[in-house]
Amino acid sequence: MSKKIATIPFQGTPQQEQELLAVIASLKDQQGCLMPIMQKAQDIYGYLPIEVQTIIAEQLNIPLEKVFGVSTFYAQFTLSPKGKYRISVCLGTACYVKGSGRVLELLEEKLGIGVGEITPDGKFSLDDCRCVGACGLAPVFMINDDVYGRLTGKAEEIDEILAKYAD
């Protein structure tokens with residue numbers, strides 16, 4: 001599975017950039033500093049857009065390809081921003097055999113986005129995962145920390161759940 005790259009424009013602030021530069025300055029002389037810097041950068045921005053990766057590469061005087069390679073290799077890094085409401089559909093065995101694939105399809109339809117993407121308004125992002133530890137409730141998905149289980153895979157059910165997040 002390849003990582004999706006952001007589909008909405010980068011909107012970093014000067015304050016975020018100053019915070020990132022301070023992090024880089026404090027860590028750059030340490031052996032193996034790239035991963036901790038990238039982790040802090042993701043904490044600052046919420047994801048690792050190419051603009052942020054470029055700053056890191058330039059400040060560390062390393063090729064951008066190296067930073068990009070690390071960001072795409074490790075699952076902890078994301079290249080796309082996450083929505084205010086992060087939806088994660090479990091595609092683990094228990095959930096999948098009970099219909100989570102259909103639930104994911106419905107969410108993609110309703111939100112107009114695919115896995116790894118964010119709605120244009122920044123409200124929802126959609127991801128899949130392998131297990132949320134709620135196999136007894138299969139199929140399940142989460143919106144932030146809220147778990148929705150024993151789903152039927154009906155459109156009305158998805159509409160009802162999403163309506164709770166209409167603020």
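Buried here means under 20% relative accessible area, exposed means over 50%, and partly exposed is anything in between, with a 1.4 Å probe and protein chains only. Helices (H or I, at least four residues) and strands (E, at least two) are DSSP runs, numbered from the N terminus. The model is a predicted one, so local features need pLDDT of at least 70 and side-chain atom pairs count only at pLDDT 80 or more, while totals for chains, interfaces and linings use all residues. Residues are numbered from 1 along each chain as its sequence is written, and side-chain values use heavy atoms, with hydrogens and water left out.

First, the overall picture. The chain holds seven helices and five strands, arranged from the N terminus as α-α-α-α-β-α-α-β-β-β-β-α. Its C-alpha trace spans about 55 × 30 × 20 Å along the principal axes. Of the 167 residues in the chain, 45% are buried. With contact taken as heavy atoms within 4.5 Å, residues 24 or more positions apart account for 62% of the contacts in the chain that have a separation of 6 or more. The chain exposes about 9300 Å², and carbon and sulfur atoms supply 51% of that; these areas come from the Shrake-Rupley method with a 1.4 Å probe, and for residues only the protein chains shown count as cover.

Now for the sheet. Two strands are said to pair if DSSP finds at least two bridges between them. On that basis there is an open sheet of five strands in the order β2-β3-β1-β4-β5, with mixed pairing. Its edge strands are β2 (117-118) and β5 (146-148), each pairing on one side only. Strand β2 is joined to β3 (residues 124-129) by two bridges, and the two run antiparallel. Ile 118 faces Ser 125 of β3 across this pairing. The hairpin of β2 and β3 has five residues between the strands, and in it Gly 122 takes a positive phi near 75°.

Strand β3 also pairs with β1, this time in parallel, through six bridges. Val 89 stands opposite Asp 128 in β3, and Cys 90 has Cys 129 as its bridge partner there.

Six of the six residues of β3 are buried, so β3 is largely enclosed by the rest of the structure. In a regular strand the side chains alternate between the two faces of the sheet. Both faces of β3 are covered, with Phe 124, Leu 126 and Asp 128 buried on one side and Ser 125, Asp 127 and Cys 129 buried on the other. Strand β1 is largely enclosed too, because five of its six residues are buried.

Ile 87 gives a residue-level view of β1, the strand in which it lies. Ile 87 is buried, with a relative accessible area of 1%. By contrast, the C-alpha atoms of Ile 87 and Pro 14, 73 residues apart along the chain, are separated by 29 Å.

Helix α7 (residues 155-163) lies across β1, β3, β4 and β5, running at about 25° to β4. Axes are lines fitted to C-alpha atoms, for helices over the stretch in contact, and angles run from 0 to 180 degrees between N-to-C directions.

In helix α3 (residues 50-60), the buried residues include Val 52, Ile 55, Ile 56 and Leu 60. Their cover includes α1 (14-27), α2 (34-45) and α4 (64-73). Just after α3, Asn 61 takes a positive phi of about 55°.
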